[in-house]
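User: I'd like to learn how to read a model like this one. Can we go through it feature by feature?
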Amino acid sequence: MGEFGSRIVQNYPYVFALALFAIGVYTILTHSNLFKKVIGINIMEGSIYVLFIAAGNVRGGVAPVLDLANSDLVYVHPLPQALMLTGIVVSVSVTALSLALIMKLYRSYGTVDAREIARLTRLGNEVGADVTSGS
Amino acid sequence: MRDFVLKRMVALVLPFVTMLGLYVIFHGHLSPGGSFSGGIITGLSIIAFNLVFGTERGEEKISERLMALIESFGALWYGAMGLVGILRGASFLMNKGAGVPVGQPGSLYSGGLILLITLGVGLKVASTMVTLFLELMEEED
Amino acid sequence: MSLVVRDNLPVLIVVALLSSAYVMPLLTKIRRFRFAEFFAVFMIALALSGGIYLGQGILNHGSFTYAVGGWAAPWGIELSLDAVSGFFLITIGLVATPIMLYASYDLVAEVGSRSRAAWFLTLFLLLVAALCGLAITGDIFNIYVMVEVATIASCAIVSARNDSASVAATFKYLMLATIGSGFVLLGIGFLFVLTGNLNLNYIGQTLRLTWQNYPTALWVALSFFTVGFGVKSALFPLHVWLPDAHSTAISPSSAILSSLAIKGYIIALLKIFYVGVGAQIIWELPITAILTLLGMGAIVAGALFALAQDELKRRLAFSTVSQVGYIFLGIGLGNIHGLTGSFMHILSHALTKALLFLAAGAMIKRTGKTRISEMAGIGFKMPVTLGVFAIGSLSMIGIPLFSGFVSKWQLLLGALAKGNYLAVLVLVAGSLLAAAYLLPVLRTALFVRPTPTPAKDEAPSVQLVAMVFLAALVLVVGVFPHQVLQLAQKAAATLLRWGVL
């Protein structure tokens, strides 16, 4: 195992995070089921949490809650954790918005398949009438 | 839902879940957790009530309109707390430097404005979760 | 009291807009709805005057910083008020106010119900607040939060009318924008890991000393930012969401999205590249060459796509893709003229595209026709609307005495100074193509007279006031560009200040 390999092994959380990120983006872009796209978004955001938390980790550190009685504790970096809490809030709101949109789409198109929806929209444009109104 | 066991169990557990949520909100500056996690727990207790007893009973307990009111109030409360620093001649969201008493470290009242802000954000998160759930539950407009 | 307001003005602008966004749902339940609309217009106009005041102050007395919560720079969130912030704040105010005024006329009828109208106002105010936040923040994670608020608000604002086409467009937009956010956040993570800082100035100082130790990691981070913000601001190969989203939304939504929302992401990109990383490092990596190429591709491809559209709003949406190319070309040129041109084009495209979308909306609303080929003789029916549309078109093409000329002239100077003659050629070709896709609209509307000349049927006067205001601004910037140009030059100089070290 050369120098490159040992660096990879030492930094395995980052490799793991980037692999997860790629899986997430691949899921969003290739699956035509809308729900699977939303799952892909959550995988992608999860990979970024891994990256940040790993960056703030200190081996042997404890949770960053100040212990007044015990002053020689080593704490992990609290800042990335606070940032990722914000990230989680953002991804919750994105997920909520996309689920609400999926429900609306299902009501007007009767399907949760992106290709089918695109086909129906094109059909509607060609006929010039709203094929979806009588759902 | 006509499940007797589920209803009794939920009725038994729900008050404690709500209490836990409020505990997490109030101790946000002392222990892990805070307004977001506590707000989610509180909101989930209301969602569980709606799921088990039906949205009509839920509407009787806390109406959707009240939820919207709390939602706006939580956000405005945060802004108002931020203005305290400005009104005392310091900068936005300033806490100790603006002369807010901060109390004894480690006790419940020890963060100055942080506790008040957490309370507002917790209410906002809880009511937002419930509103989102009700929006998604709603049948055809 | 007035001193207190002045000292805290940057944060007060954002807080006032955010608070009024959350007041909106309450106002609809308690008072008459008209009141809520007036309140929204009033708040945005107030923020506009605050922004102009700040911009004037920055121009005269130089930049300053504001520590939120009293925590100084490396620890707390720092708002950094420089010429870039001043310039973008003024742009937001000048464009958002007339759009809001235009929207307030028949909002309830346009979106379907009162509660939907209230949500529209909330989202609009949130979007404007997030853009103001992007303008003033000096903290990289704060940039991410504001970008997310702007993204979610602009996604939701597309589906304001709740018809199936716009919901489908919104979903597509949301998916791609979220991928963009993911890339941006990953890039922020890389910068944080590399420097241990979140403050842009501190990141810049650390990177200037240490970047040679890890050029690959920095290069990866910059690519993430380019792709992430490129998706969000519809840089050419990543623009696929824009035509659907901007053409199916209601006209005020299209106007604010096309004119301001995508510019906010460009401002964020500029701040990260030039303040966070620094001009010297940017020039050493091939990033500027890539941005130049992408910008030139966007100018030509967007214009060619626009030519193929018969639907008026779709043509305008593709024209946005083309015009965003100009801004990225200026960033890619990277010299003082190029960046000044980018800033000027941010302002001039914001004014012009808002004007065009609002005028197009008024025409579609009055006649019910969405296709250019059906619009024969509209000029006789709505002379004022068509007049402002003509002003917008001429400015978009870049005729002298209109605002578009000022920005394109600066870009030309930048390209010549850099010796990039391909860029010169593309700039000229872009103007010709813009003439090719905008002038036929005018020709059909003004010179094809239908046999019974239609009776005059103008847009409502409130909407006319908004459009005439924008048209007047286009002319003022075009004829007396001195003040604005000075601010834009100052903004460009602010970004380049580390390059001369």
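User: Let me start with one residue: is Leu93(B) buried or exposed?

Analyst: The general idea is a neighbour count: a residue is buried if 20 or more other C-beta atoms lie within 10 Å of its own, exposed if 12 or fewer, and partly exposed in between, with C-beta atoms placed from the backbone. Leu93(B) has 24 other C-beta atoms within 10 Å, so it is buried. Leu93(B) also has a positive phi of about 65° although it is not a glycine, and sits in the loop between α4 (64–87) and α5 (113–137) of chain B. Helices (H or I, at least four residues) and strands (E, at least two) are DSSP runs, numbered from the N terminus.

User: And Leu401(C), buried or exposed?

Analyst: Leu401(C) is exposed, because it has 12 other C-beta atoms within 10 Å. Its phi is positive too, about 75°, and it is not a glycine. You'll find Leu401(C) in the loop between α17 (383–397) and α18 (403–418) of chain C.

User: Before I go on, what should I know about the numbering and the source?

Analyst: This is a predicted model, where local features need pLDDT of at least 70 and side-chain atom pairs count only at pLDDT 80 or more, while totals for chains, interfaces and linings use all residues. Residues are numbered from 1 along each chain as its sequence is written, and chains are lettered from A and ligands numbered from 1 in the order in which they are written.

User: What confidence values come with it?

Analyst: pLDDT is the predictor's confidence in each residue, from 0 to 100. Chain C has a mean pLDDT of 88, and 98% of its residues reach 70 or more. For the complex, the predictor gives an ipTM of 0.89 and a pTM of 0.92.

User: What does the rule give for chain A?

Analyst: For 135 residues, a compact globule would be near 14 Å, but chain A has 22 Å. Its C-alpha atoms fill a box of roughly 75 × 45 × 15 Å along the principal axes. Chain A has 5 helices and 0 strands, and 24% of its residues count as buried.

User: Which residues of the largest nonpolar core touch the most other members?

Analyst: In soluble globular proteins, nonpolar side chains tend to be buried together. A nonpolar core here is a set of buried Ala, Val, Leu, Ile, Met, Phe, Trp, Tyr and Cys residues joined through C-beta atoms within 7 Å. The largest one holds 256 residues, and Leu127(C) and Cys132(C) touch the most other members. Helix α12 (residues 251–284) of chain C brings the largest share, 20 residues.

User: How many residues meet where chain A touches chain C?

Analyst: Two residues are in contact if their C-beta atoms, placed from the backbone, lie within 7 Å. Chain A puts in 28 residues and chain C 22 residues. On the chain A side, α4(A) gives the most, with 13 residues.

Key:
Rg over C-alpha atoms; globule rule 2.2 N^0.38 Å.
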